[in-house]
Amino acid sequence: MHDAEGIPPRNEPRGLNNKILKNGVQNSSKKKCYICGMEMRRATEADIQKIMVIMDSARAFQRSLGFNQWEDGYPDTDVIKHDISTRDAYVFCDDRTIVGYAFLPVGDDSYDRLTGVWKYPGEYGVIHRLAISPAMRGQGLSAKIFSLIETKFMGRGINVIRVDTGTENTIMQRIMASNNYECRGIRNFSWGERLAYEKLLPAQSK
């Protein structure tokens, strides 16, 4: 089960560090959102304990909304360690505090096995295991997080993103729509039936 955990709908942001980045060059593993002060960086094994707290909270949040997209114990420490070993695991930080996590590989075998589903050919990025800290829910982070993710993929020359989420996860479905992801219907992934989404990003000038 690799799908994304929902981020609650946007309310008025509060409590974010709105510092503007100075001296502006970022390395390839770190991107900064100039508007909100949030940044993303590659996750390390030193982050695992904080990531697992966020994941445990995400499972509990799903159950509080009446659905069970992530089974008990998923994702576990071994899953997150594997994510980190691929260098495609990222944390989202506000003033150096980890407030979210996502696994952002290029391509996925289970997605590739779906025929006649996807509209945009070529390489694509995937958003897996997206979750945020309970302390930051309801602060309008979804647009900021998706902007950082999309900027990261575009920086790697990837102009298509694919995502899946549970059929009962209406919060994530609304977030997908609000960020202009196109629904490709209910599809049978290796981890179960999920709604598939896809987005074509702007082409980058060379």
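## A tour from the aromatic rings to the core

The structure holds 6 aromatic pairs, where rings of Phe, Tyr and Trp (its six-membered ring) pair if their centres lie within 6.5 Å, with planes under 30 degrees apart called stacked, over 60 edge-to-face and the rest tilted. Before you start clicking, note that this is a predicted model, in which local features need pLDDT of at least 70 and side-chain atom pairs count only at pLDDT 80 or more, while totals for chains, interfaces and linings use all residues. Residues are numbered from 1 along each chain as its sequence is written, and side-chain values use heavy atoms, leaving out hydrogens and water.

**Stop 1: the rings around tyrosine 111**

Select tyrosine 111 and phenylalanine 189. Their ring centres are 5.0 Å apart and their planes stand at 55°, so this pair is tilted. The two come from distant parts of the chain: tyrosine 111 sits in helix α3 (residues 109-112) and phenylalanine 189 in strand β7 (residues 182-189), 78 residues apart. Helices (H or I, at least four residues) and strands (E, at least two) are DSSP runs, numbered from the N terminus. Both tyrosine 111 and phenylalanine 189 are buried; that means under 20% relative accessible area, with exposed over 50% and partly exposed in between (1.4 Å probe, protein chains only).

Tryptophan 191 belongs to the loop between β7 and β8 and tyrosine 111 to helix α3, so the pair ties together parts 80 residues apart in sequence. Tryptophan 191 is buried, as is tyrosine 111. To see the whole group, select Tyr111, Trp118, Tyr124, Phe189 and Trp191, which form one aromatic cluster.

**Stop 2**

Next, colour β5 (125-132). Here 8 of 8 residues are buried. Strands pair if DSSP finds at least two bridges between them. On one pairing, β4 and β5 run antiparallel, joined by 3 bridges; pick phenylalanine 103 and you will find histidine 128 in β5 as its bridge partner. On another, β5 and β6 pair in the parallel sense over 3 bridges, and isoleucine 127 stands opposite valine 163 in β6.

**Stop 3: the cores**

Together with Phe92, Ile127 has the most contacts inside the largest nonpolar core, which has 30 residues. Such a core is a set of buried Ala, Val, Leu, Ile, Met, Phe, Trp, Tyr and Cys residues joined through side-chain atoms within 4.5 Å. Elements that each supply at least two residues include β3 (89-94), α4 (142-155) and β8 (192-200); α4 gives the most, with 6 residues. Apart from this core lies another, of 16 residues, among them Ile48, Ile84, Val91 and Tyr101.

**Stop 4**

Is cysteine 93 buried or exposed? Cysteine 93 counts as buried, at 2% relative accessibility, whereas cysteine 183 is partly exposed, with a relative accessible area of 40%. With a disulfide taken as a pair of cysteine sulfur atoms within 2.5 Å, the count comes to 0.

**Stop 5: zoom out**

Show the cartoon to find 5 helices and 8 strands, running β-β-α-α-β-β-α-β-α-β-α-β-β from the N terminus on. Of the 206 residues, 53% are buried. Where residues in contact (heavy atoms within 4.5 Å) have a separation of 6 or more, 69% of those contacts are between residues 24 or more positions apart.
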